[in-house]
Amino acid sequence: MRLTGAQIVIEALKHEGVDVIFGIPGGAIIDVYDALYDSGIRHILAHHEQGAAHMADGYARATGRVGVCFATSGPGATNLTTGIANAYMDSIPIVAITGQVATHLIGKDAFQEADTTGITSPITKHNYLVKDVNELARIIKEAFYIARTGRPGPVLIDIPKNIQTATADFDYSSIEIDIRGYKPSITGHIRQIKEAARLINDAKKPCILAGGGVITAGASEELFKLATKANIPVATTFMGIGSFPQDHPLSLKSAGMHGNYAANYALMECDLLIAIGCRFSDRTTGKVSSFASKAKKIHIDIDPAEINKNVIVDVPIVGDAKIILKALIEYVQEKREEEWLSYIMELKATHPLTYADGPTIKPQFVIEKLCEIVPDNTIIVTEVGQNQMWSALFFTHKKPRHFISSGGLGTMGFGFPASIGAKVGRPDALVIDIAGDGSFLMNIQELATAVENNIPIKVVVINNRALGMVRQWQELFYKRRYSATILKEVNFAEIAKAFGAKGIRVTEKEGLVPALYSAFEYPGPAVVDVVVEQEENVVPMVPPGAPIDQIIGGK
Amino acid sequence: MRHTIAVLVENKSGVLARISNLFRRRGYNIESITVGKSEREGIARITLEVDGDELVIEQVTKQLNKLIDVIKVSDITHDEMIERELMLIKVSADASTRSEILQIVDIFRASVVDVSPKALVIEITGDRDKLEAFETLLRPFGIKEIACTGKVAMVRHPKEIK
Ligand SMILES: Cc1cc2nc3c(=O)[nH]c(=O)nc-3n(C[C@H](O)[C@H](O)[C@H](O)COP(=O)(O)OP(=O)(O)OC[C@H]3O[C@@H](n4cnc5c(N)ncnc54)[C@H](O)[C@@H]3O)c2cc1C
Ligand SMILES: Cc1ncc(C[n+]2csc(CCOP(=O)(O)OP(=O)(O)O)c2C)c(N)n1
């Protein structure tokens with residue numbers, strides 16, 4: 001079949017099973033949009049390319065499939081970059097396709113020319129500048145393969161305008177993928193797996209630390225089997241939230257700077273740490289030299305470069321968490337370390353998460369109420385800041401891919417467009433974006449996208465009239481000098497209405513639950529603007545750079 | 001410690017940029033980098049000299065390996081290897097100094113590749129110590145220009161980097 005480059009793009013996407021694309025057209029990608037016009041693939045027009053990238057990202061996190069976004073050259077591509085960097089930091093598979101000026105104009109500072117592959121090379125797993133239409137189909141196939149395999153990540157394909165109009169033969173299924181420099185290890189070394197099992201069988205105080213890689217691998221079931229077979233308590237990283245049910249007795253919930261007491265103490269006290277699909281971020285480990293210093297360490301990760309990057313480990317196992325855990329479980333004996341488990345249970349009992357409730361609306365109260373009333377298939381998406389941490393702490397997360405948040409880059413403005421992408425991918429789920437007023441304003445234009453496409457996401461704004469997380473640091477570490485963190489009050493309910501969405505404002509405690517229900521029942525997008533206490537802090541908190549058992553606040 | 005790393009890469013535009021980007025972004029120190037063809041079509045060979053302790057070098061090789069266009073990374077520091085660098089030196093030379101310089105050139109088995117009334121251009125290959133010694137001896141005569149390739153290295157037979 002002889003097709004134009006633009007047609008090749010669309011046909012290749014169909015072969016990849018892509019059912020939706022998020023993007024914004026422009027001169028340098030107009031040919032691809034022309035081919036898209038009657039292709040049958042759904043397109044969601046975003047209102048800022050950053051939004052489009054976050055939508056593709058949210059779609060990928062909610063479904064486990066590759067998210068796809070389009071942008072034009074120059075400003076379209078540069079607008080995508082925050083979204084791409086966000087996906088890169090959290091290892092999320094997206095394929096971004098950008099238009100570029102014609103090949104003969106590259107380097108001439110042509111209209112809307114930007115060095116897209118140069119700009120995105122440090123924030124993509126790989127990228128391509130297509131110079132020959134005959135290579136386009138193979139490049140697209142490789143891009144999807146690279147994005148979703150190994151340690152997933154974003155891949156960008158930059159397609160010059162003349163490549164979109166040139167023609168080539170197209171036979172997608174006959175293209176064989178063989179990339180000399182890319183052969184991810186999957187299975188894990190059996191000797192290492194046996195050694196890990198031996199350590200687990202011998203350990204008196206074992207503790208699991210489950211990260212985002214468990215969710216990527218779809219290994220929650222195996223994690224559950226391992227933990228319950230040998231009765232090992234499970235802490236998660238922030239990105240690992242949902243990999244293990246938080247209502248299970250062995251759950252220690254999340255660890256780290258804003259982690260739970262029991263999780264942090266267990267990590268510091270354990271004699272064997274079994275880290276699975278986590279990258280030992282500074283937010284998880286605190287002062288790295290004292291992190292889990294009494295423990296032998298097993299590290300299961302698909303990326304060899306994660307081994308010994310931040311924490312030196314005793315037994316590294318490189319490969320896919322699901323496959324490795326399956327093998328490992330076979331060699332692990334059933335056991336119960338009673339002394340350790342009763343210490344853990346006591347930790348959990350004596351240090352529950354609490355907050356001082358009062359007559360005004362506390363942010364924690366909002367999250368708790370949400371948790372009480374939402375159905376099981378609810379996807380919680382968050383913005384960044386205090387809202388994000390309260391959503392992590394005060395909601396009981398039970399399932400993988402049901403908590404979606406910008407962990408690595410911490411991108412304000414991620415949550416709302418990501419919730420649109422998540423809802424598009426999971427129409428059966430109730431998708432709620434828990435927002436901060438500062439973050440919501442960063443991509444609020446996507447309300448138009450939600451309304452135009454009638455995507456019934458629900459936004460719950462924790463409206464504290466502050467850049468709360470930064471204000472908290474200023475309160476704790478900068479003598480309450482609130483430099484540039486107090487915001488003018490915005491009425492998000494009115495804004496929602498102006499966009500054509502439902503808007504409800506809540507200023508009294510009693511009004512909260514009825515407002516939430518009426519938002520959930522409304523068939524379209526809805527914003528519940530909850531005016532909360534301004535100076536509430538997220539606790540527990542470990543001061544930056546301190547060991548994770550030096551916890552301030554809370555109990 | 002200084003390590004010598006041989007890297008086989010896809011001979012595509014942008015590969016060198018990806019590698020130097022990686023070093024800049026992760027804060028690794030490249031002492032020298034040379035690029036040229038390898039024995040196989042489509043594959044280029046890069047020789048890197050990098051400073052760092054074992055953990056840094058472990059990260060350098062792993063991060064290099066993560067680049068899709070990188071096919072193979074070998075730290076050959078501890079192998080028996082041959083290292084060579086090529087240097088061109090333009091040194092002031094007139095009738096009174098020329099013969100003395102030529103003597104040094106002779107001892108080092110370097111060669112004169114251009115002669116003009118006031119200067120000589122000398123080509124020398126060898127390992128870094130030899131080049132440095134040569135440069136030191138010529139300095140008193142007045143070095144006008146130096147151009148240097150950086151190191152290329154190869155492990156002795158029978159081991160091969162493929
Ligand atoms: C305001 C704020 C506060 C934060 N506070 C905390 C905190 O208190 N605690 C905390 O932990 N984080 C916190 N974070 C998040 C933090 O920045 C990191 O994003 C997070 O710790 C990383 O989680 P992770 O280690 O699970 O790695 P991820 O970034 O999820 O990486 C996944 C890992 O799994 C590996 N992997 C991928 N696929 C597979 C597979 N198939 N098999 C095996 N391995 C695989 C990858 O190679 C990688 O190493 C905070 C973020 C923000 C914005
Ligand atoms: C794009 C971006 N800019 C700045 C920051 C730094 N930052 C981290 S949290 C935060 C405050 C967030 O405020 P808001 O969305 O209102 O949430 P709150 O903390 O009040 O819940 C800021 C400014 C960031 N993470 N992302």
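In the predicted model described here, B:Pro158 lies in chain B, in the segment that follows strand β9 (152–155). The peptide bond that joins B:Pro158 to B:His157 is cis, with an omega of about 10°. A cis peptide bond is also present in chain A, where A:Val539 is joined to A:Pro540 with an omega of about 5°, and A:Pro540 is found in the segment after β20 (526–531) of chain A. A further backbone feature concerns A:Gln112, which has a positive phi of about 55° although this residue is not a glycine; A:Gln112 is placed in the loop of chain A between β5 (94–100) and α5 (116–120).

The packing of helices in chain A was examined next. Two packed helices are described by the angle between their axes and by the distance between those axes. For helix α10 (residues 220–230) and helix α13 (residues 321–331) of chain A, the axes come within 9 Å and cross at roughly 25°. Since angles under 35 degrees count as roughly parallel, α10(A) and α13(A) are therefore roughly parallel to each other, and their crossing is left-handed. On the side of α10(A), the residues that take part in the contact are A:Glu222, A:Leu223, A:Lys225, A:Leu226 and A:Lys229, and these meet A:Lys322, A:Leu325, A:Lys326, A:Leu328, A:Ile329 and A:Glu330 in α13(A). Sorted by class, this contact of α10(A) with α13(A) comprises 5 nonpolar and 6 charged residues, with no polar residues.

By class, the residues of the contact between α15(A) and α16(A) are 5 nonpolar, 2 polar and 1 charged.

The surroundings of two ligands were also examined. Ligand 1 is surrounded by 34 residues, of which A:Thr237, A:His258, A:Arg279, A:Asp301 and A:Asp320 are the closest. At A:His258, a backbone N or O atom lies 2.7 Å from an oxygen atom of ligand 1, while a polar backbone atom of A:Phe238 is 3.0 Å from an oxygen atom of this ligand. With A:Asp320 the contact involves the side chain, an N or O atom of which is 2.7 Å from a nitrogen atom of ligand 1.

Around ligand 2 there are 17 residues, and those that come nearest are A:Gln386, A:Gly410, A:Gly438, A:Ser439 and A:Gly468. A backbone N or O atom of A:Gln386 lies 2.8 Å from an oxygen atom of ligand 2, and a backbone N or O atom of A:Asn387 lies 2.9 Å from an oxygen atom of the ligand. In the case of A:Asn464, an N or O atom of the side chain is 2.9 Å from an oxygen atom of ligand 2.

Terms used:
Residues are numbered from 1 along each chain as its sequence is written. Chains are lettered from A and ligands numbered from 1 in the order in which they are written. This is a predicted model: local features need pLDDT of at least 70, side-chain atom pairs count only at pLDDT 80 or more; totals for chains, interfaces and linings use all residues. Side-chain values use heavy atoms; hydrogens and water are left out. Ala, Val, Leu, Ile, Met, Phe, Trp, Tyr, Cys and Pro count as nonpolar, Asp, Glu, Lys and Arg as charged, and the others, Gly among them, as polar. A residue is near a molecule or strand if one of its heavy atoms lies within 4 Å of it. A polar contact is a pair of N or O atoms within 3.5 Å; within protein, one must be able to donate a hydrogen and the other to accept it, and residues adjacent in sequence count only if both atoms are side-chain atoms. Helices (H or I, at least four residues) and strands (E, at least two) are DSSP runs, numbered from the N terminus. Axes are lines fitted to C-alpha atoms, for helices over the stretch in contact, and angles run from 0 to 180 degrees between N-to-C directions. Angles under 35 degrees count as roughly parallel, over 145 as roughly antiparallel, 65 to 115 as roughly perpendicular and the rest as oblique. A crossing is left-handed if the near helix is turned anticlockwise from the far one by less than a right angle, and right-handed if clockwise. Contact means heavy atoms within 4.5 Å.
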